Each structure stands twice: as C-alpha cells, then as structure tokens.
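Open your viewer and get ready to select residues one by one.

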Amino acid sequence: MASLENASTAVAELLKENKEKEEVKNIYHDVGRFLMQHDPSQLKVIQDALTEADSKWTKVTNLLTEQQSKSQTLIAMWKQCGESKNVVSTRLEEAADILDSLNELSP
C-alpha cells in the first residue's frame with residue numbers, strides 16, 4: 001500500500017511539474033511563430049515540429065492524469081477492502097462465539 005501511495009505522490013508531483021513547465025511550451029510556440037515569420041521557407045518544418053511537440057505534451061499530460069486517477073482509485077479500493085475485511089472478521093468471530101455457545105448447550 002505504501003508503495004502505491006508513493007507512486008501516486010510521484011505522479012502528482014510530475015503533473016505539477018508538467019503544469020509549471022507549460023510556460024516553456026508557450027515560449028517554444030512563440031519562438032516557432034517568430035521563426036515562421038522570418039523564414040517562410042521553413043514554415044512546414046516548423047509547423048510540424050510545433051504540432052509534434054503539442055501532441056507529445058498532450059499525450060504525457062493525459063497519461064499522467066490517467067495514472068493519477070487509477071492510483072487514487074486503487075488506493076480507495078484497497079482501503080475499502082481493508083475496512084470490509086475488518087467487518088467480515090468481526091462477523092466471523094461473532095459466528096464462532098455463537099457456535100461455541102450452542103455447542104456448550106447441546107449434549
């Protein structure tokens with residue numbers, strides 16, 4: 001459980017870092033627009049590079065968001081299983097006590 005929580009925390013930190021670095025991506029786009037204005041012969045190459053960068057950025061962001069969601073779901077399910085285990089164990093103990101009492105009453 002601790003390793004899952006650590007992984008979830010690491011993913012959250014990566015998402016935060018990704019968000020903080022978004023300004024770098026915006027600067028990259030600004031530089032790309034500047035280059036396209038000043039060297040129209042490279043327009044297609046620059047557009048392709050910007051599109052690829054955006055695509056990869058989106059893919060990484062989506063994967064991290066999905067992983068964070070899955071981790072949080074697994075943690076919640078694990079906790080729920082632990083709580084259910086406690087309830088079931090208590091009920092089994094109660095049933096065993098009742099059975100013992102019934103066995104003591106029967107000849």
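Seven salt bridges are found in this structure, which is a predicted model. Side chains of opposite charge can pair when their charged atoms come close. Three of these pairs are worth a stop.

**Stop one: a link between helices**

Select Lys25 and Asp54. They form a salt bridge, and their closest N and O atoms are 4.0 Å apart. The pair links distant parts of the chain. Lys25 sits in helix 2, while Asp54 sits in helix 3 (residues 43–105), 29 residues apart. Is Lys25 buried or exposed? Lys25 is buried, because its relative accessible area is 19%, under the 20% cut-off. Asp54 has 25%, so it counts as partly exposed.

**Stop two: within helix 2**

Now select Arg33 and Asp30. This salt bridge has its closest N and O atoms 2.4 Å apart. Both residues lie in helix 2, three residues apart, or about one turn of the helix. Arg33 is partly exposed at 42% relative accessible area. Asp30 is partly exposed too, with 42%.

**Stop three: within helix 3**

Go to Glu52 and Lys56. Their salt bridge brings the closest N and O atoms to 2.9 Å apart. Both are in helix 3, four residues apart, about one turn of the helix. Glu52 is partly exposed, with a relative accessible area of 44%.

**Last stop: a nonpolar patch**

Which residues make the nonpolar surface patch? Select Ile27, Val31, Phe34 and Leu35: together they make a patch of about 350 Å². Zoom in on Phe34, in helix 2 (residues 22–38). Phe34 is partly exposed, at 46% relative accessible area.

Technical notes:
Residues numbered from 1 in each chain as written. Predicted model: local features only at pLDDT ≥ 70, side-chain atom pairs only at ≥ 80, totals over all residues. Heavy atoms only, no water. Patch = residues over 30% accessible without salt bridge, like charges linked within 9 Å, V, L, I, M, F, W, Y side chains within 5 Å. Areas by Shrake-Rupley, 256 points an atom, 1.4 Å probe, with all protein chains shown as cover. Salt bridge = Lys/Arg side-chain N within 4 Å of Asp/Glu carboxyl O. Helix = DSSP H or I, 4+ residues; strand = E, 2+ residues; numbered from the N terminus. Buried < 20%, exposed > 50% of the residue type's maximum accessible area, 1.4 Å probe, protein only.
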